[in-house]
Amino acid sequence: MLKIGLTGGIGSGKSTAADIFSSLGVTIIDADLIAHQLTLSGNECFSKIIHEFGNSFITSDGELDRKKMAETVFSDLSKKSALENILHPIVRQRILHEIALTPDSPYIVLSIPLLFESNFTDLVDRIIVIDADDDIRIRRTSQRDGRSEAQIQRIMDNQVDRQTRLEQANDILENNGELEDLRASIYNLHKKYLNMTS
Ligand code: ATP
């Protein structure tokens, strides 16, 4: 079973692309979803994070204060490392567990936003980078969740640069156009991967 990593910067269209692969019957393993589940109250990483960061990171409804956490780690590199040291080993284990549980199929897609930053590249056989121009990514992200351009720019500055990402890609999905264009490109990749594995 071929393991294809799907990655790209903020707002490049990873979730949209993963949904399109899923609609073609491809199993998706989503690292962001895994990290989110692990950090829900009572779950494996929650208590470790609160132990490290303190009770002020718990919201009034008992969950992790994700907004405060994002502000903290994006403005203090040592806090960012502390969070990653808790999360990354457990996310890695969980990804391996989900791969092991996946019924056999020609290929699966692992959506891993921080594939390069987290050194998870050894988990995959090939890499798709989804890419769009910075201004388009900023516009789509702020339309999606109301974040300001400055907030989005700060996240971009914490991710590997576009060139580094593109250099490591086996396949590039350019997502500056319409959704229909993205669907067509993904369909072509789907056929390519089925051919590679047949
Ligand atoms: P993040 O890094 O924040 O998790 P992402 O890479 O998963 O983001 P998406 O959420 O898939 O990106 O896309 C960002 C926004 O842009 C979404 O609202 C999505 O619906 C929209 N979008 C993605 N691709 C296109 C497109 N080709 N045309 C129009 N809108 C698009």
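I began with Thr16, where a polar side-chain atom lies 2.5 Å from an oxygen atom of the ligand; I counted a polar contact as a pair of N or O atoms within 3.5 Å. I then looked up the backbone, where a polar atom of Gly13 is 3.0 Å from a ligand oxygen and a polar atom of Gly11 is 3.2 Å from a ligand oxygen. The protein covers 77% of the 630 Å² of accessible area that the ligand has on its own, with areas from the Shrake-Rupley method and a 1.4 Å probe.

I note that this is a predicted model, in which local features need pLDDT of at least 70 and side-chain atom pairs count only at pLDDT 80 or more, while totals for chains, interfaces and linings use all residues. Residues are numbered from 1 along each chain as its sequence is written, and side-chain values use heavy atoms, with hydrogens and water left out.

I next listed the shell, taking residues with a heavy atom within 4 Å of the ligand: 14 residues surround the ligand, and the closest are Lys14, Ser15, Thr16, Arg144 and Asn175. By class the shell has 2 nonpolar, 8 polar and 4 charged residues, with Gly counted as polar and Asp, Glu, Lys and Arg as charged. H1 gives the most to this shell, with 3 residues; helices here are DSSP runs (H or I, at least four residues).

I also checked the location: the ligand sits in the largest pocket, meaning that more than half of its atoms lie within 2 Å of the pocket's grid points. A pocket is an open set of points on a 1 Å grid over the protein atoms alone, where a 1.4 Å probe fits, with protein on both sides within 12 Å along at least five of seven lines, and lining residues have an atom within 4 Å of a point. About 1700 Å³ of space lies in the largest pocket, as filled by probe spheres set on the points. Of the 47 residues that line this pocket, the closest to its centre are Asp32, Phe74, Pro113, Arg147 and Ile155.

Technical notes: A polar contact is a pair of N or O atoms within 3.5 Å; within protein, one must be able to donate a hydrogen and the other to accept it, and residues adjacent in sequence count only if both atoms are side-chain atoms. Helices (H or I, at least four residues) and strands (E, at least two) are DSSP runs, numbered from the N terminus.
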